[in-house]
Amino acid sequence: ACDLDVVLIGCCGFDLKRNMMDSIQAMDKLKPLRAFREGRIYAADGNLFFARPGPALREGIAILARCAYDDEDVVREALDELSFLPKEGNGWAQVHFPAKVKKQSIPDVEDLVTGDTFFELHQEACEANEDFYADPTSGYNVFTEVAHKKRGKCCGSGCRHCPYNHVNLKDKTMIQQPAFLYEGKDNANGDAFISSLPSIPSNSHIKVLFFSGGKDSYLTIRKLVQQKLQSNGADNFHLILLTTYDFETKVIAHQDVNIDTVCRQARHLEIPLLGIPLHRSSGEEYLSRIEKGLDAVRSAIPDMKQLTLVFGDLHLEHIRQWREKELSKYSLEYPLWNVPYTELVDDLESSGVNIVVSASNQDGIGVGTTFSRKLWQDATKMGIDGFGEEGEFHSVAEVWRGRR
């Protein structure tokens, strides 16, 4: 096996602090390496210097060289003279491992906490039965959930702590709390697989699909439809899509897809869509936001028989293990788990839906490229996961270009 001399950790989408934290958490896996023994493991701001084409790639190359030749004095000193090489600690740094690592959960991009946080301030204000608190960034007073409940209804202004699922907000893209961005199309047949929220009958089985808008999510919908048809009515479940996205940018993490695009998909497919905006500076954990989103589902369908969470994961064991640990109180389904890629490509081709690469960190796979059988095969030849399951690339399904 290869014993690495130098390791530089700069994962896509993560800054120096996050990659440093990931490195320390992975200490047990790094220990066997020569790079660990000789103190030559580094972390960098992958999002800034490596993940996107642009001028900062120059600095990224300089950082790579500086880490690779850190044991050669002449080369190191010459590199340090470069005006564009960031100083150590500014975007890159050597990882100093502690004697013992305390295991902890590491937030993903979805629940990355930065800057001043308001989640705890709001909680404290509510516990004190106060009507507002001072926002730590702007200094403005913000109404608490307590104040909104005293009003007794949604004012339609998109308030940060609206407890009424933003029911009166006209522009649903401005929600700050989990709420339905699209309620589906009215369907007189209560047993239909796809129904609007008002037409879902009582005592129903609700399946909530964690939906990013990409090919895996779309294939999961197709698999659920197939399962529904094969059950011959034995499982009359109803489907709801759930999407998390950044509140400020309105973009879905990793996918580089705007929430408006996912709304367009949901409208074409006529499937209800629950949006969960994530406030990066709130201090609220990802799982807390998910639970609030599921509360919105329970509020819309208070007498459901069963709630199942569905994921489009293909084969990454550590992701499935995390879900089953953190969401153990729910029934979980993975319709695409370990399905051969040949079958998935066949199904995509039979659907007739165009799949477009929306984000990529691979030179041979550009944004805007159509995902096809050939791209899958070419990606495999490049030595990467043919479906981008390791984060090599992401996609968006242009479902609106085909039949429902």
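Helices here are DSSP runs of H or I with at least four residues, strands are runs of E with at least two, and both are numbered from the N terminus. Angles run from 0 to 180 degrees between N-to-C directions, with axes fitted as lines to C-alpha atoms and, for helices, over the stretch in contact. As the model is predicted, local features need pLDDT of at least 70 and side-chain atom pairs count only at pLDDT 80 or more, while totals for chains, interfaces and linings use all residues. Residues are numbered from 1 along each chain as its sequence is written, and side-chain values use heavy atoms, with hydrogens and water left out.

Strand 7 (residues 205-210) and strand 8 (residues 237-246) run parallel and are joined by six bridges, with Ile-206 opposite His-238 in strand 8.

What holds the most contacts in the largest nonpolar core? Of its 49 residues, Ile-221, Leu-241, Leu-273, Leu-344, Phe-371, Phe-387 and Phe-393 touch the most other members. Such a core is a set of buried Ala, Val, Leu, Ile, Met, Phe, Trp, Tyr and Cys residues joined through side-chain atoms within 4.5 Å; buried means under 20% relative accessible area, exposed over 50%, and partly exposed in between, with a 1.4 Å probe and protein chains only. At least two residues of this core come from each of strand 6, helix 9, strand 8, helix 10, helix 13 (341-351), strand 14 (354-360), helix 14 (373-381) and strand 15 (393-398). Helix 10 gives the most, with five residues. Neighbours within four places in sequence aside, Ile-221 is in contact (heavy atoms within 4.5 Å) with Leu-209, Phe-211, Leu-239, Leu-241, Leu-269 and Ile-271. Apart from this core lies another one, of 26 residues, including Leu-197, Ile-301, Leu-327 and Tyr-330.

Strand 14 is largely enclosed by the rest of the structure, because six of its seven residues are buried. Strand 14 pairs with strand 15 in the antiparallel sense over six bridges, and Val-357 stands opposite Ser-395 in strand 15.

A further open sheet has three strands in the order 1-2-3, again with mixed pairing. Strand 1 and strand 3 are its edge strands, each pairing on one side only, and the twist averages 20° from one strand to the next. Strand 2 and strand 3 run antiparallel, joined by three bridges; Ala-43 has Ala-93 in strand 3 as its bridge partner. Helix 1 lies across strand 1, strand 2 and strand 3, at about 145° to strand 2. Helix 1 (residues 16-25) is mostly covered, with seven of its ten residues buried, namely Leu-16, Arg-18, Asn-19, Met-20, Asp-22, Ser-23 and Gln-25. The cover over these residues includes strand 1 (7-9), helix 2 (27-30), strand 2 (41-44), helix 4 (46-49) and strand 3 (92-94).

His-148, in helix 8 (residues 145-151), is buried at a relative accessible area of 3%. Not counting residues up to four places away in sequence, His-148 touches Phe-143, Lys-153, Cys-159, His-161, Cys-162, Pro-163 and Tyr-164. Arg-323, in helix 12 (residues 317-326), is also buried, with a relative accessible area of 15%.

Most residues other than glycine have a negative phi. Asn-165 is not a glycine, yet has a positive phi of about 55°; this residue lies in the loop between helix 8 and strand 6 and counts as partly exposed at 29% relative accessibility. Lys-250 likewise has a positive phi, of about 65°. Lys-250 sits in the loop between strand 8 and strand 9 (251-252) and is buried, at a relative accessible area of 14%.

Notes
Pairing = 2+ DSSP bridges.
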